[in-house]
Amino acid sequence: MDPGCRVQRAYVGIGANLGDAAATVRAAFDALDALPGTRVAARSRLWRSAPVDADGPEFINAVAALDTRLAPAELLAALHGLETGAGRERPFRNAPRTLDLDLLTHGALRSDAPSLTLPHPRMHERLFVLGPLAEIAPDLEIPGRGRVTRLVAACTAQCAAPAEIDA
């Protein structure tokens, strides 16, 4: 990490559907806050959602707002490291997972690099991302897609809702 890098606001989608998914998502907030040059500035509630384009148990989802000095590729590598540390395996596309961390946005950066697409390519279509994101950043403009509140309205037919989980 370049210590001269300025702080950027990044948003990370968090999900899990294996094991104690709610505990895993809560622990992910702490793990994100412990990344170098990074602090969690805001966290959504936990949401429940059915798997999209996959089978398996329902997901617990959330979104974290990060203030980070990590460059996008560094942050993505750190997210993958946290997934691996949580026992994430990738036996096939959209397999059930112990932890899924998606870099949704990093400042206003747009990238179509093979290793990193920003904003996340499907975030604007998924209520399980947009609902939690709207809790913490309703006026956020997703580069090339529009304001979060407008995008949420376009996804209302999907099934995702705040989870009623004991703290």
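Tutor: Let us begin with how elements are named: helices (H or I, at least four residues) and strands (E, at least two) are DSSP runs, numbered from the N terminus. This is a predicted model, in which local features need pLDDT of at least 70 and side-chain atom pairs count only at pLDDT 80 or more, while totals for chains, interfaces and linings use all residues. Residues are numbered from 1 along each chain as its sequence is written, and side-chain values use heavy atoms, with hydrogens and water left out.

Student: Where is His 124 placed, and is His 124 buried or exposed?

Tutor: His 124 lies in the loop between β7 (116–118) and α3. Buried means under 20% relative accessible area, exposed over 50%, and partly exposed in between (1.4 Å probe, protein chains only); at 14% relative accessibility, His 124 therefore counts as buried.

Student: Which residues is His 124 in contact with, leaving aside its neighbours within four places in sequence?

Tutor: Taking contact as heavy atoms within 4.5 Å, they are Leu 130, Arg 145, Leu 151 and Cys 155.

Student: How many residues of helix α3 are buried?

Tutor: Seven of the 10 residues of α3 (residues 127–136) are buried, so this helix is largely enclosed by the rest of the structure. The buried residues include Leu 127, Phe 128 and Leu 130.

Student: And how is empty space found?

Tutor: Rolling a probe the size of a water molecule over the atoms shows where empty space is left. On a 1 Å grid over the protein atoms alone, a cavity is a set of points where a 1.4 Å probe fits but cannot get out, and lining residues have an atom within 4 Å of a point. Here the largest cavity is lined by Asp 102, Leu 104, His 120, Arg 122, Met 123, Arg 126, Phe 128 and Val 129, and the elements giving two or more residues to that lining are β5 (100–106) and α3.

Notes:
On a 1 Å grid over the protein atoms alone, a cavity is a set of points where a 1.4 Å probe fits but cannot get out, and a pocket is an open set with protein on both sides within 12 Å along at least five of seven lines; lining residues have an atom within 4 Å of a point.
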